[in-house]
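Please walk through the structure shown here, one element at a time.

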Amino acid sequence: MPKIGFCSDSRLVEHDTGPHHPERPDRIRAIHQAVRDAGLVTSPNPFADFHLDLGITPLGMPPLVELAPTPADEKWLLTVHPEKLVKHVKHACTLSSVLDQSDTPTEPRSFATALLAVGAALTCCDAVMSGQVNRAFAAVRPPGHHAEPDRSMGFCLFSNIAIAARYLQQAHGIGQIAIVDFDVHHGNGTQAVFEADPTVLFISLHQDPRTCYPGSGYDWEKGVGLGVGHTLNIPFDPGTGDSEYLAAMRSKVIPALDAFKPEMLLISAGFDAHRDDPLAQLQLSDDAYETMTRMLADVADRHCQGRIVSLLEGGYNLRVLGRGVVRHLVGFH
């Protein structure tokens with residue numbers, strides 16, 4: 001049975017955008033409660049005063065390996081983002097400014113928290129590459145998949161998963177990397193980083209961009225230059241449920257991964273395609289997250305020596321989020 005790592009930190013709630021903003025800090029608290037309710041983590045809950053009925057009971061599975069993140073060195077941000085953006089974000093946080101004109105607020109602790117989120121991703125990469133664990137999940141805020149090289153947006157300050165991919169290539173010598181993004185919103189930032197790069201296959205499953213933020217991710221977007229054919233966008237109409245989604249996994253995602261034969265699999269794990277999530281209109285069930293995770297784990301076993309690093313992206317119903325993370329982790333086994 002594979003060893004599964006779980007990486008998070010109580011400090012990741014410090015990017016506090018306010019109780020009425022979708023990016024509220026209770027999301028990390030809900031995940032910590034969920035993995036402990038399921039018996040997957042045995043250490044004391046750092047948020048013992050947080051209580052939410054998640055409907056989760058102990059699963060009788062081996063506990064996860066808890067990984068302690070450290071903040072990333074800023075040099076790793078520069079593998080994806082120009083120094084000008086990093087300085088801009090740092091300054092904006094000191095002023096509690098709103099980036100992207102609307103939906104990416106900051107506060108004085110946001111920059112340090114963003115470094116810790118990237119650091120959690122890199123901690124997972126190190127743990128998987130060293131063999132400490134076979135797969136790892138980082139529950140982090142702020143998220144990352146909307147952050148483009150020269151622009152923070154969509155709650156995202158820096159592109160966590162893109163930085164992790166560059167870290168794997170530069171610090172660990174990994175060649176070909178696949179990134180699968182099943183957040184309900186298109187991973188425009190991740191695509192922008194890698195659309196001309198044939199060493200990274202980017203696959204995004206999301207709601208039709210004509211009906212959903214950020215308005216990109218059409219199926220004709222396939223990459224540019226040397227990267228043509230290494231971007232696969234799979235948009236779904238509002239109302240799409242498990243059967244259509246999992247059929248696309250079987251007919252499009254898995255064959256593309258098998259053809260590419262990645263050395264490492266990364267996942268942008270958003271849980272906002274669930275039917276009870278308030279920010280979009282797809283209709284996935286809890287079961288879908290476990291099923292597609294098992295499909296991706298099988299690919300990793302075939303091509304990547306079982307190696308997966310998964311990073312949290314969206315999910316705005318706290319109960320759905322907690323349950324979805326647990327089902328995602330169960331699917332890794």
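Strand β1 (residues 4-7) pairs in the parallel sense with strand β5 (residues 135-138) over four bridges; strands are DSSP E runs of at least two residues and helices are H or I runs of at least four, numbered from the N terminus, and pairing requires at least two DSSP bridges between two strands. Strand β2 (residues 65-67) also runs parallel to β1, joined by three bridges. Cys7 has Ala138 as its bridge partner in β5 and Leu67 in β2.

This is a predicted model, in which local features need pLDDT of at least 70 and side-chain atom pairs pLDDT 80 or more, while totals for chains, interfaces and linings use all residues. Residues are numbered from 1 along each chain as its sequence is written, and side-chain values use heavy atoms, without hydrogens or water.

In a regular strand the side chains alternate between the two faces of the sheet. From β1, Ile4 and Phe6 point one way and Gly5 and Cys7 the other. All four are buried, meaning under 20% relative accessible area with a 1.4 Å probe, protein chains only.

Helix α7 (residues 242-260) has 19 residues, so at 1.5 Å a residue it should span 27 Å, the count used being one less than the number of residues. Its end C-alpha atoms are 25 Å apart, which agrees. A kink of about 35° is centred on Met249, taken as the angle between axes fitted to the seven residues ending there and the seven starting there. Met249 is buried, as are Val253 and Leu257 among others in α7. The elements covering the buried residues of α7 include β9 (264-269) and α8 (286-303). Just after α7, Lys261 takes a positive phi of about 55°.

Conventions
Buried means under 20% relative accessible area, exposed over 50%, partly exposed in between (1.4 Å probe, protein chains only). Contact means heavy atoms within 4.5 Å.
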